[in-house]
Amino acid sequence: MLKIAVIITCHNRKHYTLDCLAHLFKAREEYNVADQKMKLFIFLTDDGCTDGTSTAVNRTFLNESIEILNGNGNLYWAGGMRMAWSYALNTSMCFDYFLLLNDDTMMEHNAFEELFRTQEYCIREYGKSGIITGLIAANDDRNVITYGGKLFDSRFKGTDFGVGESSVPQLCDMANSNIMLVPAEVVSKIGIFYSGYVHAAADYDYSIRARRKRIPVLATCKICGRCDYDHPDEISKANTVISMTLSERKNYFKNPVHLRVDYLTYIRRTAVLRYPGAVILNYLNIYFPKCYYILKGII
């Protein structure tokens with residue numbers, strides 16, 4: 001029987017977290033009926049929730065193996081995922097896989113079938129296990145892929161594009177971890193998320209690091225889950241930032257959710273030649289935002 005540690009973090013999104021877990025367990029049951037049996041062990045970081053998430057989870061899923069860890073409210077996404085993942089690794093159990101799962105992502109009934117089918121393809125084609133990212137579609141339109149695997153359009157410019165559904169799994173340059181299956185042997189080689197990330201980019205960094213270690217990163221052929229793209233469009237963000245006072249902008253970009261610190265960490269670690277330019281652009285974004293968005297071609 002496969003043993004899978006499911007890694008999740010949450011903060012005041014009780015309804016999402018409950019729905020996410022319900023879809024996860026439904027997908028498990030669908031897989032266990034048709035194929036090899038597996039057992040899920042959930043490691044959930046409650047990062048200072050004040051909406052009763054932990055209580056609701058424990059009451060709703062009484063018969064499931066769920067370990068809830070208490071964060072201080074300042075872990076954000078990357079920190080919360082690291083806490084749960086580290087805890088899982090330090091238990092006495094030997095897991096076959098780690099499944100990274102965003103709590104706003106709802107797994108499709110065929111998710112595990114797709115993930116393991118892609119893993120089998122990876123072993124056949126590359127002679128080793130790899131990281132598998134599940135394609136994610138918008139909630140109301142499966143033709144809109146919101147998260148999953150990405151390919152670089154230009155490494156020099158740092159531009160990329162997402163892969164779509166295909167007849168065979170696609171090798172990716174980097175990947176989102178909305179649904180990401182990581183074999184234990186990969187974790188033994190490259191560890192978990194880099195400790196320098198607060199909120200964002202840790203999954204991109206992790207998948208790029210894997211590729212550099214010659215570990216395949218593959219996207220599934222079919223959609224494995226649903227989640228809407230929750231980032232503001234560039235024009236709206238530009239107008240918001242430009243309209244702020246300097247003091248407001250400084251405070252805005254101090255918030256880990258707004259990506260600037262993590263973005264610079266990501267560039268320094270994955271594209272060091274672009275780092276000086278990224279620092280200059282970051283300065284412009286704070287002090288001369290209109291110039292920044294003109295240079296970026298957004299306005």
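# A walk through the charges and cysteines

Start by selecting Arg117 and Glu114, which form a salt bridge with their closest N and O atoms 2.9 Å apart. A salt bridge here is a side-chain nitrogen of Lys or Arg within 4 Å of a carboxyl oxygen of Asp or Glu. You are looking at a predicted model, where local features need pLDDT of at least 70 and side-chain atom pairs count only at pLDDT 80 or more, while totals for chains, interfaces and linings use all residues. Residues are numbered from 1 along each chain as its sequence is written, and side-chain values use heavy atoms, with hydrogens and water left out.

Stay with this pair and show the cartoon. Arg117 and Glu114 both sit in helix α4, 3 residues apart, or about one turn of the helix. Helices (H or I, at least four residues) and strands (E, at least two) are DSSP runs, numbered from the N terminus. Is each partner buried or exposed? Glu114 counts as buried at 2% relative accessibility, whereas Arg117 counts as partly exposed at 39%. Buried means under 20% relative accessible area, exposed means over 50%, and partly exposed lies in between (1.4 Å probe, protein chains only).

**Next stop: helix α1**

Select Lys26 and Glu30, whose side chains meet in a salt bridge (3.6 Å, N to O). These two are 4 residues apart in helix α1 (residues 14-34), so about one helical turn separates them. Glu30 is partly exposed, with a relative accessible area of 33%.

**Across the chain**

Now select Glu108 and Arg226, another salt bridge at 3.8 Å, N to O. This pair links distant parts of the chain, 118 residues apart: Glu108 is in the loop between β5 (106-107) and α4 (111-126), and Arg226 is in strand β13 (residues 217-226). Arg226 counts as buried, at 16% relative accessibility. How many salt bridges does the structure hold? There are 14. As a general point, side chains of opposite charge can pair when their charged atoms come close.

**A negative patch**

Select Asp140, Asp141, Asp228 and Asp230 to see a negative surface patch. Patch residues have over 30% relative accessible area and no salt bridge, and like charges are joined within 9 Å. Asp141 belongs to strand β7 (residues 141-147) and counts as partly exposed, at 30% relative accessibility.

**Cysteines on their own**

Select Cys221 together with Cys224: the sulfur of Cys224 is the nearest cysteine sulfur to Cys221, 9.3 Å away. Cys221 counts as buried at 12% relative accessibility. Then try Cys227, whose nearest cysteine sulfur, that of Cys20, is 9.4 Å away. Cys227 is buried too, with a relative accessible area of 2%.

**Last stop: two loops**

Select Asn12, in the loop between β1 (2-10) and α1. Its phi is near 55°, a positive value in a residue other than glycine. Asn12 is partly exposed, with a relative accessible area of 31%. Finish at Arg214, in the loop between α6 (202-212) and β13. Arg214 also has a positive phi, about 65°, although it is not a glycine. With a relative accessible area of 69%, Arg214 is exposed.

Methods
Disulfide = S-S within 2.5 Å. Patch = residues over 30% accessible without salt bridge, like charges linked within 9 Å, V, L, I, M, F, W, Y side chains within 5 Å. Areas by Shrake-Rupley, 256 points an atom, 1.4 Å probe, with all protein chains shown as cover. Lys, Arg positive; Asp, Glu negative; His and termini not counted. Charge placed at Lys NZ, Arg CZ, Asp CG, Glu CD.
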